[in-house]
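Hi there,

Here is the structure I promised to pass on. Have a look at it first, and then read on for what turned up.

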Amino acid sequence: MEKEWFLKGADRLEQVYFSPIRQVGEKANALAKEGHPVIKFSIGEPDFNTPEPIKEATIQAIKENKTHYASNRGLLELRQCIAQKLKENNDLEYDPETEILVTSGGAEVINDAFLAVLNPGDEVIVFTPAFMNYENLIHLCGAKMVGIPLKEENGFQIDPAAVKARITERTRMIVLNNPSNPLGIVFKEEVLEEIAKIAVQYNLLVFTDEMYNEILYDGVVCRSIASFPDMKIRTITMNGFSKTYAMTGWRVGYVAADSRVISNILKVHQYATTCSPTFIQYGLAAAMNSPETVSEVKKMVQVFDHRRKLVMAGLDKIGKLTYIVPEGAFYIFVNVSQTGMDGDEFASKLLNEFYVATVPGTKLGDWCKDYIRISYATSDQNLEEGLSRMDWFVNHK
């Protein structure tokens, strides 16, 4: 036995890797510390401030000493507000007493839900490219990820026939991210209807990550798969406050599901975080649905839409870079193959030589070697300067 065997990680971590997006961020930060003028198109974080009503209500909660334990399920008043939002946005009715759970961020939802429902050897269908948390937490559970590529020529929409072809007796769950990170696309209603029929036919769970479902453009509607016939009982819906409310550092998310599923997720949650910070929950309950907060969120989305158009115009001007028009979130997935480079080389040289940080597609899906992800959650000035540098990189170097 190795002398220092006790320092070795658990075997289940062997297939779990560190976040490649964070690795890009660390490289960008290191270059910035050296004095280089780095522009970050890599991080999925709104550059806005949290809406004032939420901040003020949270400060007031601290002043009123609302700093003790909350229910493991989350503050009931907040769960009631979440139930109201789910009704308004998704036309879904969840019992705030038994069917909604408040967590410490969306990442905790994925962790808790997967640990609660997956057994070793289970197979989970994930559409790639995808947020890397899904794959790593599937591995952490001892389950197997079955990746199904989404193809640019199909508008990155799901092919139901491809899903059916990959289902086996071990298939337990399908994972959706709608709107998609990193694609920025919204799955069409007719596609979701087919996936819902497949889930019912094969008696599968569906985990739907709807973190960006209020950041939508061009009048596009993002329908929740839980709203299709017979789907609420078999759907685990994840959402949170990080993206829509510019609250990434506050770490508050939530999950809605059948009470029996929530009960199992609660077991994991109790031993992971006990409860989310109580004063934050009071602040959200008091202000998340206020007219002032709703107005601030709408303004953020309008700015994201402006930036989306700015980026598309810039990419069109550069040439050699193709993309599918994003309909939600704040990402655009760019095909760089016409430059003669793959995504890894393109992203590496762009960062090291022109100090623009993007995420190479291979970090989000094995087949995505020709792509990079750009986040336009940054200022017009940064976008214009970054696109100018990309133009020099592609056309003038």
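A polar contact here is a pair of N or O atoms within 3.5 Å, where one must be able to donate a hydrogen and the other to accept it. Please keep in mind that this is a predicted model.

With that in hand, let's start at Arg 79, which sits in helix H3 (residues 76-90). A polar atom of its side chain lies 3.3 Å from the backbone oxygen of Glu 97 and 2.7 Å from the backbone oxygen of Pro 96. What about a salt bridge for Arg 79? Arg 79 is buried and has none; Glu 97, the nearest side chain of opposite charge, is 4.9 Å away, and a salt bridge would need a distance within 4 Å. Arg 79 also touches other residues, including Ser 71, Ile 100 and Val 102.

On the surface, Trp 5, Phe 6 and Leu 7 form a nonpolar patch with about 390 Å² of accessible area together. Phe 6 belongs to the segment before helix H1 (20-33) and is exposed, at 53% relative accessible area.

Now for the backbone. Most peptide bonds are trans, and most residues other than glycine have a negative phi. Here are the exceptions I'd look at:

- Thr 128 and Pro 129 are joined by a cis peptide bond, with omega about 10°.
- Asn 178 and Pro 179 are also joined by a cis peptide bond, with omega about -5°.
- Asp 218 has a positive phi of about 60° and is exposed, at 55% relative accessibility.
- Thr 274 has a positive phi near 65° and is partly exposed, at 32%.

Happy browsing!

Key:
Residues numbered from 1 in each chain as written. Predicted model: local features only at pLDDT ≥ 70, side-chain atom pairs only at ≥ 80, totals over all residues. Heavy atoms only, no water. Helix = DSSP H or I, 4+ residues; strand = E, 2+ residues; numbered from the N terminus. Buried < 20%, exposed > 50% of the residue type's maximum accessible area, 1.4 Å probe, protein only. Lys, Arg positive; Asp, Glu negative; His and termini not counted. Contact = heavy atoms within 4.5 Å. Patch = residues over 30% accessible without salt bridge, like charges linked within 9 Å, V, L, I, M, F, W, Y side chains within 5 Å. Areas by Shrake-Rupley, 256 points an atom, 1.4 Å probe, with all protein chains shown as cover. Lists of a residue's contacts leave out its neighbours within four places in sequence.
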